[in-house]
Amino acid sequence: MTLDPEVCYKAVSARDRRFDGWFFVGVSSTGIYCRPVCNVRTPRFENCAFYGSAAAAEKAGYRPCLKCRPELAPGGARFDASRELADAAAAMIDEGFLNRAGLPALAARIGITERHLRRIFADEFGVSPVEYAQTQRLLLAKRLLTDTALPVTEIALASGFGSVRRFNGLFKTRYGFAPSRLRLNARHAALPDADLVFQLAYRPPFAWHALLDFLGDRAIEGVELREGDVYTRALSIERQDGHTVAGWCRVTLLPDRHALQVTLPPVLAGSVPQVLGKLRHLFDLGARPDVIDAHLGPLATATPGLRVPGAIDGFEMAVRAVVGQQITVKGARRLLGRLALHFGTPLPVPVQGLTHTFPSAAQLLAVPPEALGEAGIIRSRIAAIHGVAQAIVDAHLRLDPLAPLEATVKALLAIKGIGPWTAQYIAMRALGSPDAIPVDDLVLRQALGVADGRAVAARATRWAPWRAYAALHIWRAAAQGPAGQPVETLQEVGT
């Protein structure tokens with residue numbers, strides 16, 4: 001990635017949050033690298049070097065700033081196709097993929113050769129995938145040392161290091177001091193078994209309450225809960241040893257810091273990268289609202305910073321879409337709650353109304369059709385749920401942000417009981433595709449004043465490649481009714 005030093009320096013001087021996470025600045029006079037938003041005195045231009053990743057800055061010999069904390073910077077948004085494969089690999093490394101598998105497996109996972117992966121990764125980030133992974137492990141360890149009271153041994157293992165000796169050695173070599181220094185400087189008084197608290201940064205504006213409205217309206221009883229400004233849900237994570245661990249997460253907004261605060265129980269300490277990765281996807285934290293809102297124009301005026309809600313689990317999202325076909329949101333919530341209660345995994349300790357995780361593909365595939373029928377699921381939807389579950393278990397279908405859009409939609413449409421609307425809705429949320437749009441949606445047709453999906457697709461062309469965001473704006477305006485943006489205005493926007 002080519003960085004213009006003069007442009008980067010202007011962003012640093014202005015502490016422009018729109019550039020937070022897009023590059024880091026190394027200061028030769030201090031040997032420290034910072035985020036563009038660091039509130040220390042702006043260094044002189046001739047002392048600055050700019051890097052596209054924290055790993056590149058560390059490879060150049062810089063240490064992370066203890067004030068702005070580069071590990072808290074938001075990730076880059078993947079709207080540039082030239083970065084897509086490298087960003088996909090980086091996202092998987094961020095979630096700990098190389099802690100449990102090697103580089104050949106990572107290359108195979110994103111569908112390219114290992115040699116090609118090394119080349120594109122070096123072009124985009126200035127380092128090899130392994131060097132990038134080492135930096136991410138160290139930054140996660142730095143975060144755990146600063147923000148939690150976990151023992152150092154547990155921190156080393158949770159960060160992906162095979163041994164405490166290896167962790168201590170690399171930390172001291174890279175940063176110039178022992179990990180214990182951060183523990184001494186930490187401003188917390190947490191007990192070793194206290195909840196873990198993290199921050200996930202975002203680029204403002206962020207329509208937090210609009211996102212909570214969407215998630216709260218669709219919250220599955222026993223699995224999710226929205227109370228005021230707080231979102232809580234149960235989740236299960238597959239560990240490196242192949243076993244799954246059930247836990248929960250609680251998320252709230254820190255507007256002054258442009259971040260979400262995430263609280264996790266100690267049982268998820270070994271799964272922090274995976275959990276934070278899932279939450280970044282759920283809350284669409286990689287979005288560039290300045291770019292998206294400017295492209296959508298008047299459509300985005302009422303709710304700037306609107307995000308497309310993602311998914312904690314792709315299979316769960318597929319079941320939501322299938323169950324929700326042609327019934328009310330309230331009715332779908334009721335049926336999904338029954339599935340979780342009867343076939344999900346109970347939480348070891350229920351938390352604030354959360355009792356179960358949503359069943360996995362393997363769990364629902366093992367449920368006889370008659371049992372699903374007794375839970376209220378009709379025959380055609382049982383077949384669709386089992387079809388999706390079988391495809392996922394057989395590894396013929398992936399429902400995650402790295403899955404290819406066209407191939408995945410085609411595979412979904414081949415499953416009996418899944419039509420274009422369902423496939424596109426799954427693509428919007430499970431795959432996080434910014435341009436997916438269910439053109440046959442009734443609300444979209446009514447809002448745009450057209451008769452069929454083909455006409456919706458024609459009207460929505462102007463919003464590409466952000467048509468998923470356009471759909472969310474239209475749905476929100478329609479749900480608000482007279483109090484929101486009137487449908488007549490939306491018809492004018494769409495013509």
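1. Which residue caps the N-terminal end of H1? In this predicted model, the cap is Asp4, which places a side-chain oxygen 3.0 Å from the backbone nitrogen of Glu6. Beyond the helix comes Arg15, with a positive phi near 50°.

2. Helix H1 covers residues 5-14, and Cys8, Tyr9, Ala11 and Val12 are buried in it. These residues lie on the same side of H1, because the arc they cover around the axis is only 160°. In general, an α-helix has 3.6 residues a turn, so residues three or four places apart point the same way.

3. The other face of H1, turned away from the buried side, carries the exposed residues Glu6, Lys10 and Ala14. On the buried side, the cover includes strand E1 (24-27) and strand E3 (48-51).

4. The model has 19 aromatic pairs. One of them joins Tyr9 and Phe45: the ring centres are 5.2 Å apart and the planes stand at 85°, so the pair is edge-to-face. Since Tyr9 belongs to helix H1 and Phe45 to the loop between strand E2 (32-34) and E3, the pair ties together parts that are 36 residues apart in sequence. Phe45 is partly exposed, with a relative accessible area of 36%, whereas Tyr9 is among the buried residues of H1.

5. A second pair is formed by Phe171 and Phe177. Here the centres are 5.8 Å apart and the planes are at 70°, so this pair is also edge-to-face. Phe171 and Phe177 are both buried. They belong to a cluster, linked by ring pairs, that also contains Phe161, Phe167 and Tyr175.

6. Two arginines are placed over aromatic rings. The charged end of Arg218 sits over the ring of Phe214, at 3.7 Å from the ring centre. Arg307 lies over the face of Phe206, and there the distance to the ring centre is 4.4 Å.

7. As for the chain as a whole, it contains 24 helices and eleven strands. Its C-alpha trace spans about 65 × 50 × 45 Å along the principal axes. The radius of gyration is 23 Å, in agreement with the value near 23 Å that a compact globule of 495 residues would have.

8. Of the 495 residues in the chain, 53% are buried. Among contacts with a separation of 6 or more, 66% are between residues 24 or more positions apart.

Definitions and conventions:
Residues numbered from 1 in each chain as written. Predicted model: local features only at pLDDT ≥ 70, side-chain atom pairs only at ≥ 80, totals over all residues. Heavy atoms only, no water. Buried < 20%, exposed > 50% of the residue type's maximum accessible area, 1.4 Å probe, protein only. Helix = DSSP H or I, 4+ residues; strand = E, 2+ residues; numbered from the N terminus. Arc of directions from axis to C-beta. Contact = heavy atoms within 4.5 Å. Polar contact = N/O pair within 3.5 Å; in protein donor to acceptor, adjacent residues only side chain to side chain. Phe/Tyr/Trp six-rings, centres within 6.5 Å; stacked < 30°, edge-to-face > 60°. Lys NZ or Arg CZ within 6 Å of the ring centre and 35° of its normal. Rg over C-alpha atoms; globule rule 2.2 N^0.38 Å.
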